[in-house]
Amino acid sequence: QGQYTVTLIEGDGIGVEISQAVKDIYSAAKIPITWEPVDVTPTLINGRTTLPQEAVDSVNKNKVALKGPLATPVGKGHQSMNLTLRRTFNLFANVRPCKSIVGYATPYEDVDTVLIRENTEGEYSGIEHTIVPGVVQSIKLITRPASERVIRYAFEHAKNINRPHVVVVHKASIQKLSDGLFVEVANEVAKEYPGIKVSFELLDNTCLKLTADPADYKDVVMVMPNLYGDILSDLSSGLIGGLGLTPSGNMGDTVSIFEAVHGSAPDIAGKGLANPTALLLSSCMMLRHMHLNADADKIENAVLKTIASGAENRTGDLHGSASTSHFASEVIKNL
Ligand code: IPM
Ligand code: MN
């Protein structure tokens, strides 16, 4: 029984297994947290997917949640619960760091990127309609307030983690009005931070540069509209070994939800094959957000040591042979 209560959304598919690993490791490590599990199975109210009130109340009370992956339902009228959560709690900044794991080699060394994704609008605004059959329109919504708060968040974050440079990723050469506004607001906000360099990059160029020489981004915090951040964060994960490794934090003014970047992986669900690292590292971001830095270091060090300790202790996504529970018990040994 811990001193702090955190809402736990275990999630779908592999969510159950990786959440179990987190719970086992946390209790072995005596992290002072009590999990409050909630069910987020949506109900359809007036044609809208709606979160169960208990889940909303729990997150509002605890202010902090850890979340496994939620499957996105197919078909009209069913919105992604991932997006519903981000919107319900106004989690406007999605922080996605990505760091090479010493002891797990990929063709890229020295990756240490920090990407901040606008998390409430852009191509994710969900405004789409058919004009006439065969012609559809999807609205990419970019607003000054949402752009301003995420850009300011990025500069504040750069200051907090001592990175001297903010790179604004956009495609204003083509999306002249929407991305143009994002760039305009970034120029304004940058003036408030004379100690931080700002530069602007076209999205396609950032893809090229990140895959050519990711170490160029070691001193950088990137900030960008929603869909670009979705894509670039998967690209970044690919540089270090895949989505099984990368954490994220959905940050709002009062509430934060920490979640793995990956999906629910129905193909391997229930088989004990999933890698809990992304959720574990997300939980470390959560602990640091709660100022439990020593606890975060303890978990993170044990996870990294386990990955580095050999293929027999790594899960299949990392070309290893370990089951989820074997990996978890090795992490516990390495605490
Ligand atoms: C992510 C995911 C989600 C997104 C999906 C599951 C809706 O890919 O968190 O990156 O597109 O944002
Ligand atoms: Mn994604």
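Predicted model: local features only at pLDDT ≥ 70, side-chain atom pairs only at ≥ 80, totals over all residues.
User: How is the protein chain divided into domains?

Analyst: Domain bounds come from an automatic or database domain assignment. Here domain 1 comprises 1-94 + 245-335, and domain 2 comprises 107-240. Their centres, taken over C-alpha atoms, are separated by 24 Å.

User: How many residues does the contact take from domain 1 and from domain 2?

Analyst: Two residues are in contact if their C-beta atoms, placed from the backbone, lie within 7 Å. The contact takes 14 residues from domain 1 and 14 residues from domain 2. On the side of domain 1 that touches domain 2, helix H3 (81-88), strand S6 (93-99) and strand S13 (247-251) each supply at least two residues. H3 gives the most, with three residues. Helices (H or I, at least four residues) and strands (E, at least two) are DSSP runs, numbered from the N terminus. That side of domain 1 divides into seven nonpolar, five polar and two charged residues. In this count, Ala, Val, Leu, Ile, Met, Phe, Trp, Tyr, Cys and Pro are nonpolar, Asp, Glu, Lys and Arg are charged, and the others, Gly among them, are polar.

User: What order do the strands of the open sheet have?

Analyst: Strands of a sheet pair through backbone hydrogen bonds, either parallel or antiparallel. Two strands pair if DSSP finds at least two bridges between them. The open sheet has 10 strands in the order S2-S1-S5-S14-S13-S6-S7-S12-S10-S11, with mixed pairing. Strand S2 (33-37) and strand S11 (197-202) are the edge strands, each pairing on one side only. From one strand to the next, the twist averages 25°.

User: Which strands pair with S13, and is S13 enclosed or open?

Analyst: S13 pairs with strand S14 (residues 256-260) in the antiparallel sense over five bridges, and with S6, also antiparallel, over three bridges. Pro-247 stands opposite Ala-260 in S14, Met-251 stands opposite Ser-256 in S14, and Asn-94 stands opposite Asn-250 in S13. A hairpin of four residues joins S13 to S14. A residue is buried if 20 or more other C-beta atoms lie within 10 Å of its own, exposed if 12 or fewer, and partly exposed in between, with C-beta atoms placed from the backbone. Five of the five residues of S13 are buried, so S13 is largely enclosed by the rest of the structure. Pro-247, Gly-249 and Met-251 point one way, and Ser-248 and Asn-250 the other way.

User: Why is Gly-229 counted as buried?

Analyst: Gly-229 lies in helix H7 (residues 226-240). Gly-229 is buried because 25 other C-beta atoms lie within 10 Å. Not counting residues up to four places away in sequence, Gly-229 touches Asn-94, Leu-115, Arg-117, Glu-118 and Met-224.

User: Which residues are around ligand 1?

Analyst: A residue is near a molecule or strand if its C-beta atom, placed from the backbone, lies within 6 Å of it. Around ligand 1 are Thr-72, Ser-80, Asn-82, Leu-83, Asp-230, Val-261 and Gly-263. This shell divides into two nonpolar, four polar and one charged.

Definitions and conventions: Residues numbered from 1 in each chain as written. Chains lettered and ligands numbered in written order. Axes fitted to C-alpha atoms, helices over the stretch in contact; angles between N-to-C directions.
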